[in-house]
Amino acid sequence: MESFASNKLPFVSMFWLVFLSPLVCSQLYYNFYDSTCPNLTGIVRYNVWSAMAKDARIAASLLRLHFHDCFVLGCDASVLLDDTDTLKGEKNALPNKNSLRGFEVIDTIKANLEKACPSTVSCADILTLAAREAVYLSKGPFWSVPLGRRDGTTASESEANNLPSPFEPIEDITTKFISKGLEKKDVAVLSGAHTFGFAQCFTFKPRLFDFGGSGKSDPALDDSVLQSLQKVCPNQADSDTNLAPLDPVTINTFDNTYYKNIVNNSGLLQSDQALLGDNTTASLVNNYSKWPLLFFRDFAVSMEKMGRIGALTGQQGQIRANCRVVN
């Protein structure tokens, strides 16, 4: 092998250039664990599939967990850290408390990976892969995930309290996306994650009874959808935590029905329906409502972009032994 390499240097150099360049992505690599943990994808997929078999909602929850991680300090698994005497985690931030789910699934995957390849796979990479598998196993797109993220050693409840909110105008949400290196298109694309999963009534109840302080319902909301939601979420405080599907047509399937719903004035969250109020996002909504494969392609691209936000690599951070605590 040595003599081959030394005699064929131009060929070998060209081989590395042609075949390995696409595997590199800003210090993240598609083949990062190929030799150190070859069964990684299979272990993650099996555990996500197993969790979904017990609880269909968990797929959307795992995708949301990844989003809430990446938008706070980057994709560093800070969202998984429990509060300690010396560290204030993100789990009790307003957007996360009594809402964020899937921690036990990540724990199980981590435990299995520690048996298969100890001290090798980061919790941040587990979150990223679990989100991809959750989408794929819900009949959504598959995309290659660049890997090699390291786990952070801190968290930020204050940043978590500033996550994009369904109550915010689309302009404010867009500003938050841009601050993370994303763009307006990504707002429309990643909002498509609301094609499965559920929302608590308090996140959209103002649209049903007191839109903009008017004492009336949101005029943009379809009448039949309004009446159906008012039954699930009556105008009383004890209905705040009741659940309604984000896409009532194909509840647990990852598809483009979310965009069809918006076109039909049936988007659940105010921030969903608001996508029609901006020319750029409205155009994307209309296109995705007609062309599911276009949505799938763009969603995969946006997810990979989001998965790179603030990624720690090389010697930065650590590989946590337990995703809930810093080593």
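In this predicted model, the count of salt bridges comes to 20, a salt bridge being a side-chain nitrogen of Lys or Arg within 4 Å of a carboxyl oxygen of Asp or Glu. Residues are numbered from 1 along each chain as its sequence is written, and side-chain values use heavy atoms, with hydrogens and water left out. Local features need pLDDT of at least 70 and side-chain atom pairs count only at pLDDT 80 or more, whereas totals for chains, interfaces and linings use all residues.

One of these contacts joins the side chains of aspartate 298 and lysine 185, with an N to O distance of 3.4 Å. Because aspartate 298 belongs to helix 15 (residues 292–306) and lysine 185 to helix 9 (residues 184–190), the pair ties together parts that are 113 residues apart in sequence; helices here are DSSP runs (H or I, at least four residues), numbered from the N terminus. Aspartate 298 is buried at 6% relative accessibility, while lysine 185 is partly exposed at 33%, where buried means under 20% relative accessible area, exposed over 50% and partly exposed in between (1.4 Å probe, protein chains only). Aspartate 298 also forms a salt bridge with arginine 297, the closest N and O atoms being 3.0 Å apart, and arginine 297 is exposed at 52%.

A further salt bridge links aspartate 218 with arginine 207, whose closest N and O atoms are 2.9 Å apart. Aspartate 218 lies in the loop between helix 10 (205–209) and helix 11 (223–232) and arginine 207 in helix 10, so this pair ties together parts 11 residues apart in sequence, and both residues are buried. Salt bridges also link Asp82, Lys91, Asp107 and Arg324 in a network.

How values were computed. Helix = DSSP H or I, 4+ residues; strand = E, 2+ residues; numbered from the N terminus.
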